[in-house]
Amino acid sequence: MLEVRDLYKNYGSFRAVRGISFSVDAGEVLGFLGPNGAGKTTTMKIVVGYMGMSSGVVKVDGLSVAERSREVRERIGYLPEHAPLYDDMTVIEYLRFMARMRGLSGPRRRERVEHVIGVCSLEAKRRALVSTLSKGYRQRVGLAQAIVHDPKLVILDEPTVGLDPNQIVEIREVLREIGRRNTVILSSHILSEVEATCRRVVIIASGSIVAEGTPEELEARHRDRRVHHLAIDGDAGDLEAALAAMPGLADVSRQPDGRFRFQAPADGSFAPALAGILAARGASIRELSSDRPTLEDVFRDLTAPVPVAAGGEA
Amino acid sequence: MSRVIAIWGKELRSYFNSPIAYAFMILFLSYAAAKFFVWSSAGPYGEQRFNFWVRGEASLADYFSVFPVALAVLVPALCMRLWPEEYKSGTVEVLMTLPVRSWEVVCGKFLAMLSILVATFLLSLSVPWAVSRFSVEELDMGPIVGGYVAALFMGAAYCSVGLLSSCFTREQVVAFLGALFICVPLAVAGTPDIDLFTPTWLSPIAKFIGFSVRFESIGKGVLDLRDLFYFASFTALFVFLNVTVVEYRRLR
């Protein structure tokens with residue numbers, strides 16, 4: 001359904017996207033994950049034909065975005081970040097307008113508009129001015145316009161950003177409903193989001209893909225490493241630096257409560273060396289615990305600002 | 001074509017859902033009517049310009065003479081939100097990723113502006129009606145029809161400038177000033193008052209491009225096709241430039 005190969009995008013001398021390749025099969029729901037500024041939005045804008053690429057190939061349904069942009073745009077439903085809508089129209093006016101612009105007419109248009117009003121639970125707000133809607137409703141109107149023409153590919157940029165927890169749960173239900181019928185790509189920097197709605201995840205950092213797979217696969221890949229919490233008795237001194245220098249330990253940080261947090265092998269093979277370091281400083285372990293790895297840890301591990309090996313699994 | 005109509009309808013709706021269209025109409029109509037019915041003043045050569053009641057002629061030439069400058073100021077205000085609003089709210093991103101061609105978007109917006117002008121001119125028909133009612137002479141319809149045809153062509157030219165100016169900026173005020181900067185000189189270039197201060201080498205050019213000069217000659221009932229052709233090609237050029245800019249932005 002979607003094929004992206006060796007995609008590059010430069011803004012002047014800044015390389016926002018550096019050789020991304022991935023593909024999405026029909027019916028799939030793909031989560032596009034990465035910290036802010038990783039190149040998610042840029043990639044999506046290129047796929048929907050809003051922005052040109054510096055080099056590479058993007059094909060939607062076998063059609064090149066660069067050469068047959070209009071046909072590609074017919075097959076796509078797109079919701080940009082923050083759901084931009086026309087504020088001075090009512091919900092129903094807006095959806096009718098968008099349906100028309102997407103080439104629907106007559107009874108088919110009426111039927112589709114009614115359908116998306118149902119799917120996105122907009123019944124109560126159909127005559128409300130868009131400018132009077134809450135953020136959650138705005139997002140739903142945005143989703144409704146993205147699927148009103150039953151597109152082959154739905155692209156949603158941060159569909160839950162800025163919503164409160166209740167609204168997020170509601171939008172998630174709508175997303176699941178959409179995912180049942182259409183091929184979907186949605187971007188997020190919130191992991192629980194992606195875990196809840198996507199069957200496959202692409203993680204992107206500084207313009208490159210750093211991991212790809214199902215949420216379970218990604219977690220499994222990191223199962224041999226866990227996040228540990230360490231509390232000590234005695235003076236810590238420069239312990240943080242000493243820990244960071246230890247082989248096998250990564251992502252060391254000192255928590256506000258004075259405990260240390262770090263990633264380390266799950267088998268505890270680092271423990272004797274740790275005890276040695278503490279003993280040398282006249283301190284001792286009060287508590288050492290470890291968490292099951294979550295997608296959160298995988299994400300942090302892969303997209304941390306320290307240089308990571310890039311582009312491997314793509 | 002159905003997409004042009006959809007955009008046309010959307011723009012008109014948002015103009016009439018906001019006070020902008022009404023403000024434009026009220027300002028234009030009341031200013032033009034006041035100038036015609038109330039104002040009497042001294043001209044630059046010391047001659048008196050009298051209002052309709054003092055002169056008592058059944059002629060609308062003085063009414064139409066207000067149009068070039070009034071439209072040059074008000075049309076930029078009408079057009080200034082066309083693109084900046086799309087840029088600021090981000091709706092341009094949705095709009096340009098619809099299966100719509102650039103010219104369809106530009107023409108839809110342009111036609112919406114033209115429709116508001118037509119509506120305004122229809123309302124302004126109340127003035128010829130009043131003149132025919134209050135003057136003893138028979139009203140000559142020729143110059144009135146000519147005046148409205150000319151006003152429509154000239155208004156379209158102003159709209160095309162306003163539309164193009166608005167597509168370069170996210171700020172409505174900048175769009176307004178940009179359009180004003182082009183429209184007002186165009187409106188007054190070549191008129192007798194301004195010609196006094198125009199260098200001799202520039203004078204023929206000013207008379208060629210000036211809107212008022214052409215507008216008034218049509219308004220006198222001299223329907224010269226060259227004048228209409230000038231306005232039409234001017235409009236086409238600016239609309240085409242707008243389409244080009246929009247199309248160019250797509251590729252970046």
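The following paragraphs go through a sheet and a helix of chain A, and then the fold of chain B.

This is a predicted model, in which local features need pLDDT of at least 70, side-chain atom pairs count only at pLDDT 80 or more, and totals for chains, interfaces and linings use all residues. Residues are numbered from 1 along each chain as its sequence is written, while chains are lettered from A and ligands numbered from 1 in the order in which they are written.

Chain A holds an open sheet of six strands with mixed pairing, in the order S6-S7-S8-S3-S9-S10. Helices (H or I, at least four residues) and strands (E, at least two) are DSSP runs, numbered from the N terminus, and two strands pair if DSSP finds at least two bridges between them. Strand S6 (76–79) and strand S10 (208–213) of chain A form the edges, each pairing on one side only. From one strand to the next, the twist averages 15 degrees. Angles run from 0 to 180 degrees between N-to-C directions, and axes are lines fitted to C-alpha atoms, for helices over the stretch in contact.

Strand S9 (residues 200–205) of chain A runs antiparallel to S10(A), and five bridges join them. A:Val202 has A:Glu212 in S10(A) as its bridge partner, and A:Ile204 has A:Ile209. The hairpin of S9(A) and S10(A) has two residues between the strands, and there A:Ser206 takes a positive phi near 40 degrees. A:Ser206 counts as partly exposed, with 19 C-beta neighbours inside 10 Å; a residue is buried if 20 or more other C-beta atoms lie within 10 Å of its own, exposed if 12 or fewer, and partly exposed in between, with C-beta atoms placed from the backbone.

A:Glu158 is in the loop between S7 and helix H6 (165–181) of chain A and, with 23 C-beta neighbours inside 10 Å, counts as buried. Most residues other than glycine have a negative phi.

Helix H3 (residues 91–101) of chain A is mostly covered, with nine of its 11 residues buried. Among them are A:Tyr94, A:Leu95, A:Met98 and A:Met101. The cover includes helix H4 (106–119) and helix H5 (135–147) of chain A, together with helix H1 (2–17) of chain B; contact is taken as C-beta atoms, placed from the backbone, within 7 Å. After H3(A) comes A:Gly103, with a positive phi near 85 degrees.

Chain B has 15 helices and two strands. Its radius of gyration is 19 Å, close to the 18 Å that the globule rule gives for 252 residues, so chain B is as compact as a globular protein of that length. The radius is taken over C-alpha atoms, and the rule is 2.2 Å times the number of residues to the power 0.38. Of the 252 residues of chain B, 40% count as buried. Of the contacts in chain B with a separation of 6 or more, 78% are between residues 24 or more positions apart.

Within chain B, helix H5 (residues 67–79) and helix H11 (residues 172–188) pack at an angle of about 165 degrees, with their axes 9 Å apart. That makes H5(B) roughly antiparallel to H11(B), as angles over 145 degrees count as roughly antiparallel, under 35 as roughly parallel, 65 to 115 as roughly perpendicular and the rest as oblique. The residues that meet include B:Val69, B:Ala72 and B:Val73 in H5(B), and B:Phe176, B:Leu180 and B:Cys183 in H11(B).

Terms used
Two residues are in contact if their C-beta atoms, placed from the backbone, lie within 7 Å.
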